[in-house]
Amino acid sequence: MMPTEIAARLHGLVTKLYLRDAALLAGRLLLSLIFLHEGATLATHFAAAAKAMAALGVGLPLLVATIVLQLGAGLSVASGLLTRLGAIGLGLFCLATATLFHTNFASQNELLHFEKDLAISGGMFVLAAAGAGRISLDWLLAGYLRQRQRDKDLVAALLAPRRHKGAG
């Protein structure tokens, strides 16, 4: 294989990897948007949200937990920090929402919400499996932790007692 062919293949691989990371970033931002918006709306209109949730049989502690989950996990997915955990939490939340609140399939609107929640849940589980990609705080944190471990290993090697040949 010629050097120009090797360079072309490496360029193609790098381009694919960056496109993958850009796609993961776009997907994370798009998936998290609905949760960040809804969590912020519930928080800023808390009294009205509490009244509406009470009518559905949802108590105040569950409303607060919902807001915390939507904002916390939404930020987690958007920023790419603890992405897999946030995605699993939101995926399970969507499954629960679909099965608890959107089961009146006689209503086209309820069926649509059920299917939407299932689709978002699926997207979250795919994200949990794929990870956040290189354009994320997860990637930066992992790199920082790897560098710290290398530094610790180097210091340990430098401070370890040296063994001399012939001693022994």
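Predicted model: local features only at pLDDT ≥ 70, side-chain atom pairs only at ≥ 80, totals over all residues.
Residues are numbered from 1 along each chain as its sequence is written, and side-chain values use heavy atoms, with hydrogens and water left out.

Helices here are DSSP runs (H or I, at least four residues) numbered from the N terminus. Axes are lines fitted to C-alpha atoms over the stretch in contact, and angles run from 0 to 180 degrees between N-to-C directions.

| Pair | Axis distance | Angle |
|---|---|---|
| H2 and H3 | 10 Å | about 125° |
| H3 and H4 | within 8 Å | roughly 140° |
| H4 and H5 | within 8 Å | roughly 160° |

Let's start with H2 and H3. Their angle makes H2 oblique to H3; angles under 35 degrees count as roughly parallel, over 145 as roughly antiparallel, 65 to 115 as roughly perpendicular and the rest as oblique. The crossing is right-handed, a label for a near helix turned clockwise from the far one by less than a right angle, with anticlockwise giving left-handed. On the H2 side, Phe46, Ala49, Ala50 and Met53 meet Leu60, Leu63, Val64 and Ile67 of H3, contact being heavy atoms within 4.5 Å. That contact has 8 nonpolar residues, no polar and no charged ones. For these classes, Ala, Val, Leu, Ile, Met, Phe, Trp, Tyr, Cys and Pro count as nonpolar, Asp, Glu, Lys and Arg as charged, and the others, Gly among them, as polar.

Next come H3 (residues 60-79) and H4 (residues 83-101). These two are oblique as well, and H3 passes H4 in a left-handed crossing. Residues meeting across it include Thr66, Gln70 and Gly74 from H3, and Gly86, Gly89 and Phe93 from H4. The contact holds 6 nonpolar, 7 polar and no charged residues.

H4 and H5 are roughly antiparallel, and their crossing is left-handed. Their contact splits into 17 nonpolar, 5 polar and 3 charged residues.

Now the largest pocket, with about 640 Å³ of space. A pocket is an open set of points on a 1 Å grid over the protein atoms alone, where a 1.4 Å probe fits, with protein on both sides within 12 Å along at least five of seven lines; lining residues have an atom within 4 Å of a point. Of the 25 lining residues, Met53, Thr66, Gln70, Phe93 and Thr97 are closest to the centre. H1 (3-44), H2 (46-55), H3, H4 and H5 (108-130) each supply at least two lining residues.

Key. Points joined across faces, edges and corners; volume = space filled by probe spheres on them.
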